Amino acid sequence: MVNDLTTQAAVSAAQSAYQEAIYAADLARHYNSLANMYLDANDNEVGNAASNAVNYAKASSSATSAMTAASSYAVAASTAASTASSAATQGLVSLASSTYAAASNAANTATEAASSAAEAANSAYLAMQYDKTSTTVSSAYAVASSTAAAASTAASTAAVAAAAASSAYAAVSSAAANDDYEATSTAYVATTSAATTAVSAATAGSTAASTATSAASLANSTAISDLATAASSSATVASSATSTASSAASVAATQTGTQASAYASSAATATSSASSAYAVASSAAVAAVSASDPGTADSYARVAQSASSLANSYAAVATSNAALAAKFSTNVSGQQTTNSNATLTSATTTNSISVGGTISITNTLKNSTTFYSGATYTWYVSTDGATWTVITGATSDTYSATISIAGTYYYQAVATGTTGILGTGSYTASGNVITIVVTNPEGTYTEIASSYASTASSAASTATSQANAASDAISLANSSANLTGSLATYYTSQATSSYNVANSYASSAAMMASSAASTSALASSYEAEGAYSTANMEASVAASYASYATGFSSLASSAASAAMASLNTALENAVTEDNDSSAADYLGSSYANLASSSATEAGSQASLAASYAANAANAYNVAGSSFNTSATSSYSTAASSAAAAASSYAAAASDAASLAASYAADGEYKSAALQQSYAALRLTYATDQVAAASSAASAMTETVVEAQSSYYNSIATAASSAASAASSAATTASSVASSLGAKYTSNTVLGSSYVADTNSYATSTLGAAAAATSAAAMATQYTSQASSAVAAGDYAAASSYVTNASAAASEATSYAALATSYAALGSTAASSAVAYSNDTSSLQSSNIGDAISIWGITISGGVTSQPSTVTSTVTGGTVTLSAATATGLFSVATTSSGTWYVQINGTWRTLSYATSNGYVTLVSSSSSNNATTNTSSITFTVPNTGTLLFQYVSNYSFLGIVGTTTFASNIAEVDVYESDIPATDISISGDDYVVNPTTSSTSSSSVTS
């Protein structure tokens, strides 16, 4: 495992010595074998004994030498092996150090990846909050969130592995210190395994972080795109509204007259406002496209939406004023136009009144001559804008009248008089035409007459229908039954006679309807001509015709009913007189059909009652415990009970209809008639239950909707108030930041940072507040629509509006809370901005600069010791600042002094001022002032957070020279924080370990995390 030169050399030496030892041992065995052979030869008396002895001695000696050499080589091999083991052991320490460093780096990488992934997930979450309906954004957030969790897990795994590598590395170092190669090797393997795990986890974390970042990027870009699209849509709506307003204003501008001009001016103003709102929406839409984040894009989208709403409102105002301009236009002819030596301006506050109301017109006369008489007034009125009539008796400068006929009236006053001292001249002033619209709550005379004509037509149709029904019944009875019996014949003739009466009344009703239609046309024509009195008279005539038609219709109905009654009597007598089964069948079938109709209608009524009960139950369930009371519970129960009763009555009506059909089939028409009566009665009861169910459901829904509307409206109001308060706080904070920015052209780093934070929070606050206000307005609008829907009886729509109000109120509350949070942060940042701001470009004394010294001798005077440039502490913490100055060579001063100055909120003050006013608390001070040098040291505490700037100024007065020489230190900044800043969250770029030497300066280094 270890491949360094020392280890390899030792291993090579050990292997060489080992081979030599083996070779020497083989030689020893060889020579020992020879010696034994010669010894055996002597023992066996083989060969020459002397020669054998000599050879034995030589062999024994060689064996001994070889054994000695083998032993020596074995010792050398053992020594070299021991050296190789020691070298390998130390080599493993170095390898383990690198391996542990890799594990530590991997853990850092995984931690950074987890942090990056968490930031990405948070970014995606914020994007989702601003684009809640986008599935792309929500899916991207899900990916970012899950991968962030994976990155966090990987970071934990890497951290655990790094800790294991650290422990294993410690074991490697410990075993190596004991020169235990086996233990060292085992610990090194553990280090390597832990490092592998850490690196693998870091890789997984980095991959997850990359995925999370990509998902967050997608979420943010999609949200920005969606919000930009929404802003663009708002801009399009605003553009359309502006076009509508412009068209309306253009039409209004064509109208004539003072009143119309005023309305046209209002329409033009509204159009201008709509155009401005569109410009805001358009700019916001453009800005939203290039927004850096969804929050900013959302702010622009909200601005665009708000501007769009304003544009629509202004368009509505323009359209309304255009309509009024047309309504009060004085596009007339034939009016008085003479104006000589005077002008007359007419005005009214009663532009529009109802029939029976009083109009009032005033005049302002301006005469261009010096001497003139009082004016004589002549008043004119026109109803068609062309024919003018003098109003008898109207000679005052004001005109009042009660109008009893609806229509559009044009009034003009003309003032005349004499001029000059002798009254020989004259003046005439024709006033502007005033348009007054008098309305009838029932409508125009055309509408009133048309309504009466419609009533007459309906009455005539009803009369004709009933007469025809009687005729058809008589014909069918004659063809279906034997009505030749005396009684049957008599009552049949009575039926026919009643029918003839009904038909006559129907004809009269038709004639009245025709007359009403003609009169209605005349009323419309006269009203168009301005002949309002005649139009009113024609409308009254139409009303008379309608009344006659209704009367004739009622008489026709009675006659038709009499015809049907006589016909039934005829049929019953036919059964009695002639035992006519066909007549019985006809009667039975008629009663069965009537019973069936009643049963069918009763079923419809039961279904309607069930629908009302379901509405009540739904309203009750949706309301929940928050909005239900004992009253709503009773309403729900009542609706349910009514529905059940209606269903029961419908079932009874159905049973009666079945029996009626059965009796009819058996020819028992009387029993069928009885069951038809029962079915009709059950229908009546079912209808009553429908009314009860409807009433209960209405009361139920109305109670719940009103409670919900009130609640959500209060939430919206509270949210709007909170948003308003947040906006106010943000504006105040922003004002503070702007003031500081203008005051300090060169602010401290901390001051500038807090100013930037304040502005950022203010922007975020205003954006969130605008969103809250918009949502609150929508909630209020929905609650208003809900109340209107309840009043109209549209409870389904009311519930829908309440649901929308709930969502809008919730959104308003959410944005208001966000605005309040941002506002609080902004206020805190503004306070910090004030505390930490000072002007770094401002000096108490500009005579700064260091002294110049050579070999310890001051050649040129200046500061010889500067105070610390920046000192950080906490409130109550001790700070020491020191400074020293010296005069130059050959400079002799008779007196000298030194003073510390403190810049507080941009103004330089003496240290004594700062001390006496509580900005600093002086702990101790020392100074030495002489002819050539000044030194000063101060120790103090600061009770409040913020930034203070200090400067030491030293003055020297020289003998025989007027004035002083001043040397000033550089600015010393003291930053005071509320508490110590923990270093646990500080990230280190690069390796987070240091290499420290061991106790022996010559030994290898060890790594300490």
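Begin by selecting Trp379, Tyr399, Tyr409, Tyr411 and Tyr532, which ring pairs link into a cluster. Rings of Phe, Tyr and Trp (its six-membered ring) pair if their centres lie within 6.5 Å; planes under 30 degrees apart count as stacked, over 60 as edge-to-face and the rest as tilted. This is a predicted model, in which local features need pLDDT of at least 70 and side-chain atom pairs count only at pLDDT 80 or more, while totals for chains, interfaces and linings use all residues. Residues are numbered from 1 along each chain as its sequence is written, and side-chain values use heavy atoms, with hydrogens and water left out.

The structure holds 18 aromatic pairs. In one of them, the ring centres of Tyr409 and Tyr411 are 6.4 Å apart with planes at 25°, so the pair is stacked. Tyr409 and Tyr411 are both buried (under 20% relative accessible area; exposed is over 50% and partly exposed in between, with a 1.4 Å probe and protein chains only).

Next, select Tyr490 and Tyr491: the centres lie 5.1 Å apart and the planes at 75°, so this pair is edge-to-face. Tyr490 is partly exposed at 44%, and Tyr491 is partly exposed at 28%.

Move to Gln903, in strand E16 (residues 893-904); strands are DSSP runs of at least two residues, numbered from the N terminus. Gln903 is buried, at 0% relative accessibility. Its side chain reaches the backbone nitrogen of Asp839 at 2.6 Å.

Finally, select Arg909, which lies over the face of Tyr913, 4.5 Å from the ring centre; the criterion is CZ of Arg or NZ of Lys within 6 Å of the ring centre and within 35 degrees of the ring normal.

Note on methods:
Helix = DSSP H or I, 4+ residues; strand = E, 2+ residues; numbered from the N terminus. Polar contact = N/O pair within 3.5 Å; in protein donor to acceptor, adjacent residues only side chain to side chain.
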